[in-house]
Amino acid sequence: MSTDCVPVESRQRLADLPPLPTSLSEVVQALRTGDLSSERCIELIERDPSMAVRCLRLANSPFYGRPGKIGSIHGAVTMLGQRTVMSLLTAVSLRQAFRPEQCPGFQLDVYWRHAMAVAMTASVLAPRLGLDPSEAFLAGLLHDIGELMLVMLQPDAQEEIRQRVRSGEMAEVVEQEVLSIDHVALGASVAQQWHFPANIVEAIADHHRFWMHTDRPPTSLADLLSLIHGVLTPVEMGLPPQEAALLVPDVVWEALRYAPEERAEVLDRLIANLAAITQT
């Protein structure tokens, strides 16, 4: 994926976006090289009280099995692992750096809640496909970063796009017609421009190329993200686990290797986890 696919006008506006915060540039570099120490992670977190609260909330979520028992940032970093903590630092830094106030109809809190829900679900389900949970967490956080970038770059076009999507048109088709680029391609280009790891860029670029339409087993982060939307849609509708499990396509359950008798229990645990962390 290259910024060459971005229209000239949007490419010029990309150049005007705020630079990544210094701390985030350091984290992104560490995501590629794995050389950020636990001590440096703790230092970056402790600089931001809201970040500290988010880390502690996630470490104490039901997913990690020790609710209410992690009381220090050191304990949270140990519990979560450095790559998950770096992913959280990425999310918080992006949220602070890019705030599309010029587009009042864009619901930033809704956007980030969904991103966190996909990230946590990706982390929970990644082992079912033999994937790394921390990488899946980061891919989930960033999968729709192109939506945020479109709002930043082209705020005046967003109301038309929203109205057409509400009427049933596909978002990517509308975005291409109105802006000559969709949020998936733009998100991948931006992630590449910011030097995120190549597998994260690939996951952003391909997460709408639904695995279910292929004839191969799911193996990639992009495959996982496409499966997750099949799982999350009924959950985000607020349905109880038994009803939600029936609305997840069988092909999704089978790809994740869950037997029928396991499915409602999986969603019950997932709903509990999401309730604990989606404010993070």
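Modeller: One term to start: buried means under 20% relative accessible area, exposed over 50%, and partly exposed in between, using a 1.4 Å probe and protein chains only. This is a predicted model, where local features need pLDDT of at least 70, side-chain atom pairs count only at pLDDT 80 or more, and totals for chains, interfaces and linings use all residues. Residues are numbered from 1 along each chain as its sequence is written, and side-chain values use heavy atoms, with hydrogens and water left out.

Biologist: What percentage of the residues in the protein chain is buried?

Modeller: 54% of the 280 residues.

Biologist: And how many helices and strands?

Modeller: There are 17 helices and zero strands. Both are DSSP runs, numbered from the N terminus: helices are H or I with at least four residues, strands are E with at least two.

Biologist: Where does helix 14 bend?

Modeller: At G230, by about 30°. That is the angle between axes fitted to the seven residues ending there and the seven starting there. A proline, P234, follows within four residues.

Biologist: Why is helix 14 called largely enclosed?

Modeller: Because 14 of its 16 residues are buried. Just after helix 14, G238 has a positive phi of about 85°.

Biologist: New topic. Which helix holds E175?

Modeller: Helix 11, residues 171–179.

Biologist: What is the nearest side chain of opposite charge to E175?

Modeller: R162, 9.9 Å away. Lys and Arg count as positive, Asp and Glu as negative; His and the chain ends are not counted. E175 is buried but has no salt bridge, meaning a side-chain nitrogen of Lys or Arg within 4 Å of a carboxyl oxygen of Asp or Glu.
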